[in-house]
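Here is a note for a colleague who is opening this structure for the first time. Please keep the sequence and the model in view while going through the points below.

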Amino acid sequence: MPTHYIPFRETNYFSSLICDYLDETSELKSFYNRFPKLENFKAQIEEKQSSYSSETRQVLVQSLKNQYELVDISEATQHNINLLSNDNTFTITTGHQLNLFTGPLYFFYKIISTINLCKQLKAEFPNQDFVPIYWMATEDHDFEEINYFNFKGQKVQWNREASGAVGELELDGLDFVFEAFASQLNKTTNAQQLKQLFKSAYIDHGNLTAAMRYLVNELFKEYGLVIVDGNDADLKRLFVPYIEDELVNQTSFVKVNEANNNLNTLSENYKIQVNPREINLFYIKKGVRERIVEIDGMYTVLNVNLKWDKASLIKHINEAPQNFSPNVIMRPLFQEVILPNLCYIGGGGELAYWLQLKSNFEAQKVVFPMLLLRNSVVLITDKQKEKLEKLNVSIDDLFLKQNELRTKVTKQISDIDIDFTSQKIHLQQQFKALHQLAKQTDKSFVGAVKAQEKKQINGLEHLESRLLRAQKRKLSDYLERVTLLQDELFPRQSLQERNMNFSEFYLEYGETILPKLIENLEPLKGEFLVLTI
(Lines give C-alpha, C1' and ligand atoms only; values in the text may rest on other atoms or scores of the structure.)
Protein backbone atom coordinates (compact mmCIF):
# COMPACT_ATOMS: atom_id res chain seq x y z
CA MET A 1 0.00 0.00 0.00
CA PRO A 2 1.22 3.52 -0.73
CA THR A 3 2.67 5.28 2.28
CA HIS A 4 3.89 8.78 2.93
CA TYR A 5 5.77 10.07 5.97
CA ILE A 6 5.81 13.49 7.59
CA PRO A 7 8.19 14.55 10.42
CA PHE A 8 6.22 14.88 13.66
CA ARG A 9 7.35 18.49 14.10
CA GLU A 10 5.95 19.45 10.70
CA THR A 11 2.47 18.16 11.52
CA ASN A 12 2.02 20.92 14.14
CA TYR A 13 0.12 18.48 16.34
CA PHE A 14 2.94 17.56 18.73
CA SER A 15 4.37 19.57 21.61
CA SER A 16 7.79 21.19 21.52
CA LEU A 17 8.87 18.88 24.35
CA ILE A 18 8.08 15.75 22.33
CA CYS A 19 9.58 17.17 19.14
CA ASP A 20 12.77 18.08 21.00
CA TYR A 21 12.85 14.59 22.52
CA LEU A 22 12.55 13.04 19.05
CA ASP A 23 15.38 15.27 17.88
CA GLU A 24 17.45 14.00 20.85
CA THR A 25 18.07 17.55 22.06
CA SER A 26 21.07 17.38 24.40
CA GLU A 27 19.31 19.32 27.20
CA LEU A 28 16.74 16.54 27.59
CA LYS A 29 19.16 13.60 27.82
CA SER A 30 19.14 13.58 31.63
CA PHE A 31 15.37 12.99 31.63
CA TYR A 32 15.51 9.56 29.96
CA ASN A 33 17.66 6.45 30.01
CA ARG A 34 18.34 5.45 26.40
CA PHE A 35 16.77 6.74 23.21
CA PRO A 36 14.75 4.04 21.41
CA LYS A 37 17.14 3.08 18.62
CA LEU A 38 17.64 -0.54 17.67
CA GLU A 39 21.33 -0.45 18.61
CA ASN A 40 20.51 0.84 22.13
CA PHE A 41 18.38 -2.15 23.12
CA LYS A 42 21.39 -4.39 23.84
CA ALA A 43 22.43 -2.29 26.84
CA GLN A 44 18.81 -1.97 27.98
CA ILE A 45 18.44 -5.77 27.89
CA GLU A 46 21.58 -6.24 29.96
CA GLU A 47 20.57 -3.67 32.54
CA LYS A 48 17.06 -5.04 32.98
CA GLN A 49 18.23 -8.65 33.07
CA SER A 50 20.62 -7.93 35.93
CA SER A 51 17.91 -6.30 38.07
CA TYR A 52 14.83 -8.46 37.43
CA SER A 53 14.59 -11.56 39.61
CA SER A 54 13.39 -15.03 38.69
CA GLU A 55 11.08 -14.91 41.73
CA THR A 56 9.29 -11.89 40.29
CA ARG A 57 9.00 -13.69 36.95
CA GLN A 58 7.28 -16.65 38.53
CA VAL A 59 4.77 -14.43 40.36
CA LEU A 60 4.06 -12.58 37.11
CA VAL A 61 3.53 -15.77 35.11
CA GLN A 62 1.25 -17.32 37.72
CA SER A 63 -0.78 -14.10 37.98
CA LEU A 64 -1.21 -14.02 34.20
CA LYS A 65 -2.33 -17.65 34.17
CA ASN A 66 -4.91 -16.79 36.83
CA GLN A 67 -6.11 -13.74 34.90
CA TYR A 68 -6.49 -15.78 31.70
CA GLU A 69 -8.25 -18.68 33.42
CA LEU A 70 -11.66 -17.89 31.92
CA VAL A 71 -10.38 -16.47 28.63
CA ASP A 72 -10.25 -18.23 25.25
CA ILE A 73 -6.48 -17.94 25.02
CA SER A 74 -4.68 -18.36 21.71
CA GLU A 75 -1.63 -20.57 21.22
CA ALA A 76 0.44 -17.45 20.50
CA THR A 77 -0.58 -15.71 23.72
CA GLN A 78 -0.17 -18.91 25.78
CA HIS A 79 3.29 -19.37 24.29
CA ASN A 80 4.24 -15.80 25.21
CA ILE A 81 3.03 -16.21 28.81
CA ASN A 82 5.13 -19.37 29.11
CA LEU A 83 8.14 -17.57 27.62
CA LEU A 84 7.98 -15.03 30.45
CA SER A 85 9.29 -17.73 32.80
CA ASN A 86 12.64 -17.57 31.00
CA ASP A 87 15.38 -15.17 32.07
CA ASN A 88 16.01 -14.14 28.46
CA THR A 89 12.43 -12.99 27.81
CA PHE A 90 11.54 -9.30 27.99
CA THR A 91 8.46 -7.22 27.43
CA ILE A 92 7.51 -4.19 25.38
CA THR A 93 4.56 -2.46 27.00
CA THR A 94 1.81 -0.03 26.17
CA GLY A 95 -1.12 0.93 28.35
CA HIS A 96 -4.50 2.53 27.96
CA GLN A 97 -7.77 3.26 29.68
CA LEU A 98 -10.78 0.96 29.34
CA ASN A 99 -12.44 3.14 26.72
CA LEU A 100 -15.81 1.93 25.48
CA PHE A 101 -15.26 -0.22 22.35
CA THR A 102 -11.55 0.79 22.45
CA GLY A 103 -12.30 4.54 22.15
CA PRO A 104 -10.15 6.54 19.71
CA LEU A 105 -8.37 4.88 16.81
CA TYR A 106 -4.89 5.45 18.26
CA PHE A 107 -5.58 2.65 20.76
CA PHE A 108 -4.86 0.29 17.85
CA TYR A 109 -1.69 2.13 16.88
CA LYS A 110 -0.32 1.77 20.41
CA ILE A 111 -0.82 -1.97 20.47
CA ILE A 112 0.38 -2.54 16.89
CA SER A 113 3.51 -0.48 17.60
CA THR A 114 4.13 -2.79 20.56
CA ILE A 115 3.57 -5.98 18.56
CA ASN A 116 5.74 -4.82 15.67
CA LEU A 117 8.60 -3.68 17.88
CA CYS A 118 8.71 -7.15 19.46
CA LYS A 119 9.04 -8.67 15.99
CA GLN A 120 11.81 -6.25 15.07
CA LEU A 121 13.71 -6.94 18.29
CA LYS A 122 13.46 -10.72 17.81
CA ALA A 123 15.00 -10.35 14.36
CA GLU A 124 17.83 -8.26 15.79
CA PHE A 125 18.38 -10.29 18.98
CA PRO A 126 17.46 -13.92 18.14
CA ASN A 127 18.78 -15.25 21.48
CA GLN A 128 16.17 -13.27 23.41
CA ASP A 129 12.38 -13.32 23.28
CA PHE A 130 10.08 -10.30 23.38
CA VAL A 131 6.47 -10.28 24.50
CA PRO A 132 3.99 -7.46 23.66
CA ILE A 133 2.04 -6.28 26.70
CA TYR A 134 -1.17 -4.27 26.94
CA TRP A 135 -1.56 -2.86 30.45
CA MET A 136 -5.23 -2.32 31.23
CA ALA A 137 -5.82 0.79 33.34
CA THR A 138 -8.46 -0.99 35.40
CA GLU A 139 -7.86 1.15 38.48
CA ASP A 140 -8.62 4.51 36.88
CA HIS A 141 -11.71 6.29 38.13
CA ASP A 142 -12.27 8.90 35.39
CA PHE A 143 -15.46 7.39 34.00
CA GLU A 144 -16.30 10.46 31.90
CA GLU A 145 -13.09 9.95 29.91
CA ILE A 146 -13.94 6.39 28.88
CA ASN A 147 -17.74 6.10 28.65
CA TYR A 148 -18.12 6.86 24.93
CA PHE A 149 -16.73 6.47 21.45
CA ASN A 150 -17.38 8.42 18.27
CA PHE A 151 -19.14 6.84 15.31
CA LYS A 152 -19.78 8.77 12.10
CA GLY A 153 -19.46 12.09 13.88
CA GLN A 154 -21.84 11.17 16.73
CA LYS A 155 -21.04 10.18 20.29
CA VAL A 156 -22.13 6.70 21.37
CA GLN A 157 -22.28 7.11 25.14
CA TRP A 158 -22.81 4.95 28.21
CA ASN A 159 -24.64 6.93 30.88
CA ARG A 160 -24.71 5.71 34.47
CA GLU A 161 -23.58 6.65 37.96
CA ALA A 162 -20.01 5.52 38.57
CA SER A 163 -17.59 5.49 41.48
CA GLY A 164 -14.44 3.62 42.37
CA ALA A 165 -12.17 1.83 39.92
CA VAL A 166 -13.73 1.68 36.45
CA GLY A 167 -12.61 -1.92 35.92
CA GLU A 168 -14.97 -3.08 38.65
CA LEU A 169 -18.01 -1.37 37.15
CA GLU A 170 -20.86 -3.68 36.30
CA LEU A 171 -22.18 -3.27 32.78
CA ASP A 172 -25.69 -1.98 33.56
CA GLY A 173 -27.15 0.02 30.70
CA LEU A 174 -24.82 -1.22 27.99
CA ASP A 175 -27.68 -3.19 26.45
CA PHE A 176 -29.25 0.17 25.52
CA VAL A 177 -25.92 1.40 24.15
CA PHE A 178 -25.68 -1.77 22.07
CA GLU A 179 -29.15 -1.23 20.63
CA ALA A 180 -28.36 2.39 19.77
CA PHE A 181 -25.07 1.45 18.10
CA ALA A 182 -26.53 -1.55 16.26
CA SER A 183 -29.34 0.59 14.84
CA GLN A 184 -26.72 2.72 13.04
CA LEU A 185 -25.13 -0.26 11.29
CA ASN A 186 -26.11 -1.77 7.98
CA LYS A 187 -26.70 -5.47 7.31
CA THR A 188 -23.33 -6.36 5.79
CA THR A 189 -21.14 -9.17 7.10
CA ASN A 190 -18.74 -6.62 8.58
CA ALA A 191 -21.59 -4.90 10.42
CA GLN A 192 -22.80 -8.21 11.84
CA GLN A 193 -19.28 -8.98 13.08
CA LEU A 194 -19.09 -5.58 14.78
CA LYS A 195 -22.43 -6.16 16.50
CA GLN A 196 -21.34 -9.58 17.70
CA LEU A 197 -18.02 -8.24 18.97
CA PHE A 198 -19.75 -5.50 20.97
CA LYS A 199 -22.42 -7.85 22.30
CA SER A 200 -19.98 -10.57 23.31
CA ALA A 201 -17.77 -8.06 25.11
CA TYR A 202 -20.29 -5.86 26.89
CA ILE A 203 -23.49 -7.90 27.23
CA ASP A 204 -21.96 -11.30 28.00
CA HIS A 205 -19.48 -10.21 30.70
CA GLY A 206 -19.89 -9.08 34.28
CA ASN A 207 -17.66 -6.02 34.58
CA LEU A 208 -15.63 -3.61 32.49
CA THR A 209 -12.30 -5.37 33.12
CA ALA A 210 -13.65 -8.67 31.80
CA ALA A 211 -15.30 -6.94 28.84
CA MET A 212 -12.13 -5.12 27.83
CA ARG A 213 -9.97 -8.22 28.26
CA TYR A 214 -12.33 -10.16 26.00
CA LEU A 215 -12.47 -7.40 23.37
CA VAL A 216 -8.73 -6.81 23.13
CA ASN A 217 -8.00 -10.53 23.23
CA GLU A 218 -10.43 -11.16 20.36
CA LEU A 219 -8.81 -8.43 18.27
CA PHE A 220 -5.14 -9.25 18.93
CA LYS A 221 -4.81 -12.79 20.27
CA GLU A 222 -3.35 -14.20 17.05
CA TYR A 223 -0.44 -11.76 17.45
CA GLY A 224 0.41 -13.10 20.91
CA LEU A 225 -0.58 -9.96 22.81
CA VAL A 226 -0.57 -10.47 26.58
CA ILE A 227 -3.05 -8.40 28.62
CA VAL A 228 -2.07 -7.43 32.16
CA ASP A 229 -4.44 -6.26 34.90
CA GLY A 230 -2.33 -4.57 37.57
CA ASN A 231 -5.23 -4.64 40.04
CA ASP A 232 -4.01 -8.00 41.31
CA ALA A 233 -3.14 -8.90 44.91
CA ASP A 234 -0.11 -11.05 44.00
CA LEU A 235 1.35 -8.41 41.68
CA LYS A 236 0.79 -5.67 44.25
CA ARG A 237 2.54 -7.74 46.88
CA LEU A 238 5.71 -7.34 44.78
CA PHE A 239 5.20 -3.59 45.06
CA VAL A 240 4.84 -3.45 48.87
CA PRO A 241 8.32 -1.97 49.59
CA TYR A 242 7.60 0.91 47.20
CA ILE A 243 4.14 1.50 48.67
CA GLU A 244 5.73 1.73 52.11
CA ASP A 245 8.39 4.15 50.87
CA GLU A 246 5.76 6.32 49.22
CA LEU A 247 3.72 6.57 52.41
CA VAL A 248 6.61 7.02 54.84
CA ASN A 249 9.28 8.89 52.87
CA GLN A 250 7.24 10.48 50.05
CA THR A 251 10.22 10.15 47.73
CA SER A 252 8.26 10.66 44.52
CA PHE A 253 6.94 14.04 45.69
CA VAL A 254 10.49 15.34 46.12
CA LYS A 255 12.02 13.78 43.01
CA VAL A 256 9.22 14.58 40.55
CA ASN A 257 9.01 18.17 41.76
CA GLU A 258 12.75 18.51 41.18
CA ALA A 259 12.34 17.16 37.65
CA ASN A 260 9.42 19.52 36.98
CA ASN A 261 11.49 22.51 38.09
CA ASN A 262 14.36 21.42 35.86
CA LEU A 263 12.04 21.04 32.86
CA ASN A 264 10.52 24.46 33.50
CA THR A 265 14.00 25.93 33.60
CA LEU A 266 14.84 24.46 30.19
CA SER A 267 11.91 25.99 28.31
CA GLU A 268 8.70 27.84 29.04
CA ASN A 269 7.18 25.83 26.16
CA TYR A 270 7.58 22.56 28.06
CA LYS A 271 4.21 21.85 29.58
CA ILE A 272 4.25 19.92 32.85
CA GLN A 273 1.77 17.07 32.45
CA VAL A 274 1.38 15.94 36.06
CA ASN A 275 2.17 17.40 39.45
CA PRO A 276 2.92 15.01 42.31
CA ARG A 277 1.02 14.92 45.56
CA GLU A 278 2.69 14.32 48.92
CA ILE A 279 1.32 10.75 48.70
CA ASN A 280 0.68 9.35 45.22
CA LEU A 281 -1.50 6.44 46.21
CA PHE A 282 -5.23 5.78 46.45
CA TYR A 283 -7.07 3.46 48.77
CA ILE A 284 -9.21 1.12 46.73
CA LYS A 285 -12.09 -1.20 47.52
CA LYS A 286 -15.49 -1.93 45.97
CA GLY A 287 -16.96 1.36 44.75
CA VAL A 288 -14.16 3.44 46.34
CA ARG A 289 -10.89 4.87 45.06
CA GLU A 290 -9.90 7.79 47.26
CA ARG A 291 -6.64 9.59 48.03
CA ILE A 292 -4.54 8.77 51.08
CA VAL A 293 -3.27 11.82 52.98
CA GLU A 294 -1.06 12.23 56.04
CA ILE A 295 -2.11 14.72 58.70
CA ASP A 296 -0.03 15.07 61.88
CA GLY A 297 1.40 11.58 61.61
CA MET A 298 -1.95 9.90 60.95
CA TYR A 299 -2.89 8.46 57.57
CA THR A 300 -6.44 9.07 56.37
CA VAL A 301 -8.50 8.08 53.33
CA LEU A 302 -10.41 11.10 52.03
CA ASN A 303 -14.21 10.82 52.12
CA VAL A 304 -13.96 7.45 53.90
CA ASN A 305 -13.85 6.79 57.64
CA LEU A 306 -10.45 5.05 57.64
CA LYS A 307 -7.41 6.12 59.64
CA TRP A 308 -4.10 4.53 60.73
CA ASP A 309 -0.89 5.42 62.50
CA LYS A 310 2.33 4.50 60.67
CA ALA A 311 2.80 1.07 62.27
CA SER A 312 -0.78 -0.08 61.74
CA LEU A 313 -0.75 1.22 58.16
CA ILE A 314 2.41 -0.73 57.30
CA LYS A 315 0.82 -3.82 58.83
CA HIS A 316 -2.29 -3.28 56.68
CA ILE A 317 -0.18 -2.83 53.52
CA ASN A 318 1.46 -6.21 54.08
CA GLU A 319 -1.84 -7.89 54.85
CA ALA A 320 -3.86 -6.36 52.00
CA PRO A 321 -1.65 -4.77 49.31
CA GLN A 322 -4.56 -5.02 46.85
CA ASN A 323 -6.20 -2.12 48.73
CA PHE A 324 -3.52 0.31 47.59
CA SER A 325 -3.67 1.78 44.10
CA PRO A 326 -0.95 3.83 42.38
CA ASN A 327 -1.82 7.14 40.74
CA VAL A 328 -0.35 8.45 37.50
CA ILE A 329 3.01 9.15 39.21
CA MET A 330 3.40 5.72 40.79
CA ARG A 331 1.75 3.50 38.17
CA PRO A 332 4.79 3.55 35.84
CA LEU A 333 7.02 2.49 38.74
CA PHE A 334 4.62 -0.36 39.59
CA GLN A 335 4.64 -1.51 35.97
CA GLU A 336 8.43 -1.55 35.73
CA VAL A 337 8.81 -3.38 39.05
CA ILE A 338 6.59 -6.29 38.04
CA LEU A 339 7.48 -6.59 34.32
CA PRO A 340 10.80 -7.48 32.64
CA ASN A 341 10.16 -4.43 30.52
CA LEU A 342 12.54 -2.70 28.11
CA CYS A 343 10.41 -0.01 26.51
CA TYR A 344 7.15 1.82 27.12
CA ILE A 345 5.19 2.94 24.05
CA GLY A 346 2.80 5.83 24.49
CA GLY A 347 1.38 9.01 23.04
CA GLY A 348 2.90 12.45 23.33
CA GLY A 349 1.14 13.33 26.58
CA GLU A 350 2.19 10.03 28.17
CA LEU A 351 5.83 10.38 27.20
CA ALA A 352 5.80 13.94 28.53
CA TYR A 353 4.91 12.74 32.03
CA TRP A 354 7.28 9.77 31.84
CA LEU A 355 10.06 12.31 31.24
CA GLN A 356 9.23 13.74 34.67
CA LEU A 357 9.82 10.40 36.42
CA LYS A 358 13.38 9.22 35.78
CA SER A 359 14.91 10.70 38.94
CA ASN A 360 12.28 8.94 41.06
CA PHE A 361 13.13 5.62 39.36
CA GLU A 362 16.80 6.22 40.13
CA ALA A 363 16.01 6.93 43.78
CA GLN A 364 14.04 3.66 43.92
CA LYS A 365 16.80 1.75 42.08
CA VAL A 366 14.38 0.61 39.35
CA VAL A 367 15.55 0.52 35.73
CA PHE A 368 13.95 3.31 33.69
CA PRO A 369 12.56 1.98 30.40
CA MET A 370 13.18 3.37 26.96
CA LEU A 371 10.37 5.69 25.86
CA LEU A 372 8.98 5.35 22.35
CA LEU A 373 6.38 7.60 20.76
CA ARG A 374 3.69 5.35 19.33
CA ASN A 375 2.97 5.28 15.62
CA SER A 376 0.60 8.00 14.45
CA VAL A 377 -1.40 7.46 11.28
CA VAL A 378 -3.95 9.13 9.08
CA LEU A 379 -5.84 6.63 6.93
CA ILE A 380 -6.84 7.87 3.50
CA THR A 381 -8.94 6.03 0.93
CA ASP A 382 -8.15 5.83 -2.77
CA LYS A 383 -11.18 8.02 -3.44
CA GLN A 384 -9.98 10.69 -1.02
CA LYS A 385 -6.50 10.54 -2.50
CA GLU A 386 -7.97 11.01 -5.97
CA LYS A 387 -9.87 14.09 -4.76
CA LEU A 388 -6.67 15.55 -3.35
CA GLU A 389 -4.90 15.10 -6.66
CA LYS A 390 -7.77 16.69 -8.59
CA LEU A 391 -7.76 19.66 -6.21
CA ASN A 392 -3.96 19.91 -6.50
CA VAL A 393 -3.61 19.82 -2.72
CA SER A 394 -0.92 17.78 -0.94
CA ILE A 395 -1.68 15.66 2.11
CA ASP A 396 0.91 17.73 3.98
CA ASP A 397 -1.24 20.82 3.35
CA LEU A 398 -4.16 19.22 5.19
CA PHE A 399 -2.17 19.37 8.44
CA LEU A 400 -2.48 23.18 8.32
CA LYS A 401 -5.09 25.04 10.33
CA GLN A 402 -8.16 25.41 8.15
CA ASN A 403 -7.81 29.16 7.61
CA GLU A 404 -4.14 28.73 6.71
CA LEU A 405 -5.09 25.95 4.30
CA ARG A 406 -7.72 28.10 2.59
CA THR A 407 -5.24 30.96 2.29
CA LYS A 408 -2.50 28.75 0.83
CA VAL A 409 -4.85 27.15 -1.70
CA THR A 410 -6.28 30.53 -2.71
CA LYS A 411 -2.82 31.93 -3.40
CA GLN A 412 -1.87 28.74 -5.19
CA ILE A 413 -4.76 28.66 -7.68
CA SER A 414 -5.57 32.35 -8.03
CA ASP A 415 -5.05 33.77 -11.52
CA ILE A 416 -3.73 36.98 -9.97
CA ASP A 417 -0.81 37.51 -7.61
CA ILE A 418 -2.18 38.05 -4.10
CA ASP A 419 1.20 38.09 -2.38
CA PHE A 420 2.41 41.67 -1.89
CA THR A 421 5.77 40.63 -0.41
CA SER A 422 7.77 42.05 -3.33
CA GLN A 423 5.90 45.39 -3.10
CA LYS A 424 6.60 45.59 0.63
CA ILE A 425 10.29 44.87 0.09
CA HIS A 426 10.42 47.54 -2.63
CA LEU A 427 8.73 50.04 -0.30
CA GLN A 428 11.17 49.25 2.52
CA GLN A 429 14.11 49.82 0.15
CA GLN A 430 12.74 53.24 -0.77
CA PHE A 431 12.35 54.19 2.86
CA LYS A 432 15.95 53.23 3.61
CA ALA A 433 17.05 56.26 1.62
CA LEU A 434 14.52 58.45 3.44
CA HIS A 435 15.84 57.22 6.81
CA GLN A 436 19.36 58.27 5.81
CA LEU A 437 18.10 61.63 4.65
CA ALA A 438 16.22 62.19 7.92
CA LYS A 439 19.31 61.39 10.01
CA GLN A 440 21.37 63.88 7.98
CA THR A 441 18.89 66.75 8.20
CA ASP A 442 16.72 66.84 11.30
CA LYS A 443 16.44 64.10 13.97
CA SER A 444 12.80 65.02 14.55
CA PHE A 445 12.26 63.87 10.99
CA VAL A 446 13.28 60.27 11.86
CA GLY A 447 10.09 59.49 13.77
CA ALA A 448 7.94 60.96 11.04
CA VAL A 449 9.64 58.80 8.39
CA LYS A 450 9.21 55.65 10.51
CA ALA A 451 5.53 56.46 11.05
CA GLN A 452 4.98 57.02 7.33
CA GLU A 453 6.75 53.74 6.49
CA LYS A 454 4.59 51.84 8.95
CA LYS A 455 1.45 53.50 7.61
CA GLN A 456 2.23 52.55 4.02
CA ILE A 457 3.24 48.97 4.92
CA ASN A 458 -0.03 48.65 6.87
CA GLY A 459 -1.87 50.01 3.85
CA LEU A 460 -0.34 47.39 1.58
CA GLU A 461 -1.16 44.64 4.08
CA HIS A 462 -4.74 45.88 4.29
CA LEU A 463 -5.05 45.85 0.49
CA GLU A 464 -3.50 42.39 0.38
CA SER A 465 -5.98 41.15 2.98
CA ARG A 466 -8.96 42.63 1.09
CA LEU A 467 -7.76 41.09 -2.16
CA LEU A 468 -7.32 37.73 -0.46
CA ARG A 469 -10.87 37.86 0.97
CA ALA A 470 -12.24 38.78 -2.44
CA GLN A 471 -10.43 35.87 -4.08
CA LYS A 472 -11.65 33.48 -1.38
CA ARG A 473 -15.23 34.54 -2.17
CA LYS A 474 -14.60 34.08 -5.88
CA LEU A 475 -13.12 30.61 -5.31
CA SER A 476 -15.56 29.59 -2.56
CA ASP A 477 -16.83 26.45 -4.33
CA TYR A 478 -13.30 25.16 -4.84
CA LEU A 479 -12.28 26.01 -1.27
CA GLU A 480 -15.40 24.31 0.08
CA ARG A 481 -14.36 21.04 -1.58
CA VAL A 482 -10.90 21.36 -0.03
CA THR A 483 -12.22 22.04 3.48
CA LEU A 484 -14.80 19.25 3.25
CA LEU A 485 -12.00 16.83 2.45
CA GLN A 486 -9.91 18.16 5.33
CA ASP A 487 -12.91 17.73 7.66
CA GLU A 488 -13.23 14.10 6.56
CA LEU A 489 -9.59 13.33 7.31
CA PHE A 490 -9.16 15.68 10.28
CA PRO A 491 -12.54 15.60 12.08
CA ARG A 492 -13.15 18.50 14.47
CA GLN A 493 -9.93 20.08 13.16
CA SER A 494 -7.92 17.45 14.99
CA LEU A 495 -6.10 14.24 14.15
CA GLN A 496 -8.25 11.44 12.78
CA GLU A 497 -6.75 9.00 15.29
CA ARG A 498 -7.92 11.11 18.24
CA ASN A 499 -11.55 11.25 17.11
CA MET A 500 -12.59 8.26 15.06
CA ASN A 501 -13.23 4.72 16.30
CA PHE A 502 -11.96 1.59 14.55
CA SER A 503 -15.55 0.50 13.84
CA GLU A 504 -15.95 2.95 10.94
CA PHE A 505 -13.00 1.39 9.13
CA TYR A 506 -13.95 -2.14 10.13
CA LEU A 507 -17.39 -1.55 8.64
CA GLU A 508 -15.74 -0.82 5.29
CA TYR A 509 -12.71 -3.14 5.35
CA GLY A 510 -13.57 -5.83 7.88
CA GLU A 511 -10.88 -8.14 9.21
CA THR A 512 -8.35 -6.94 6.61
CA ILE A 513 -7.78 -3.64 8.42
CA LEU A 514 -5.61 -5.12 11.19
CA PRO A 515 -3.17 -7.01 8.92
CA LYS A 516 -2.81 -3.87 6.80
CA LEU A 517 -1.81 -1.85 9.86
CA ILE A 518 0.49 -4.60 11.12
CA GLU A 519 2.18 -4.65 7.72
CA ASN A 520 2.78 -0.91 7.49
CA LEU A 521 3.42 0.50 10.98
CA GLU A 522 7.14 0.85 11.71
CA PRO A 523 7.56 1.70 15.41
CA LEU A 524 11.15 2.97 15.15
CA LYS A 525 10.54 5.05 12.01
CA GLY A 526 9.99 8.22 14.04
CA GLU A 527 7.65 9.94 11.58
CA PHE A 528 3.92 10.42 11.06
CA LEU A 529 2.44 7.93 8.59
CA VAL A 530 -0.12 8.70 5.89
CA LEU A 531 -1.47 5.33 4.78
CA THR A 532 -3.66 4.77 1.73
CA ILE A 533 -6.07 1.92 2.42
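1. By class, the lining of the largest cavity holds nine nonpolar, no polar and no charged residues, where Ala, Val, Leu, Ile, Met, Phe, Trp, Tyr, Cys and Pro count as nonpolar, Asp, Glu, Lys and Arg as charged, and the others, Gly among them, as polar. The model is a predicted one, in which local features need pLDDT of at least 70 and side-chain atom pairs count only at pLDDT 80 or more, whereas totals for chains, interfaces and linings use all residues. Residues are numbered from 1 along each chain as its sequence is written, and side-chain values use heavy atoms, with hydrogens and water left out.

2. The residues that line this largest cavity are Leu 105, Phe 108, Tyr 109, Leu 379, Phe 502, Phe 505, Ile 513, Leu 514 and Leu 517. A cavity is a set of points, on a 1 Å grid over the protein atoms alone, where a 1.4 Å probe fits but cannot get out, and lining residues have an atom within 4 Å of a point. The elements that give two or more residues to the lining are helix 6 (106-124), helix 24 (502-509) and helix 25 (513-520), and the largest share, three residues, comes from helix 25. Helices (H or I, at least four residues) and strands (E, at least two) are DSSP runs, numbered from the N terminus.

3. The volume of the largest cavity is about 50 Å³, a volume being the space filled by probe spheres set on grid points that are joined across faces, edges and corners. The count comes to one cavity of 30 Å³ or more.

4. Leu 379, one of the lining residues, also stands opposite Leu 531 in strand 15. Strand 14 and strand 15 (residues 527-532) pair in the parallel sense over four bridges, and two strands pair if DSSP finds at least two bridges between them. Three strands form an open sheet with mixed pairing, in the order 1-15-14, and its edge strands, each pairing on one side only, are strand 1 (3-7) and strand 14 (377-380).

5. Gln 250, in the loop between helix 12 (240-248) and helix 13 (251-266), has a positive phi near 55° and is buried, with a relative accessible area of 16%. Lys 365, in the loop between helix 17 (358-364) and strand 13 (370-373), has a positive phi of about 55° but is exposed, at 75%. Buried means under 20% relative accessible area and exposed over 50%, with partly exposed in between (1.4 Å probe, protein chains only). Most residues other than glycine have a negative phi.

Technical notes
On a 1 Å grid over the protein atoms alone, a cavity is a set of points where a 1.4 Å probe fits but cannot get out, and a pocket is an open set with protein on both sides within 12 Å along at least five of seven lines; lining residues have an atom within 4 Å of a point.
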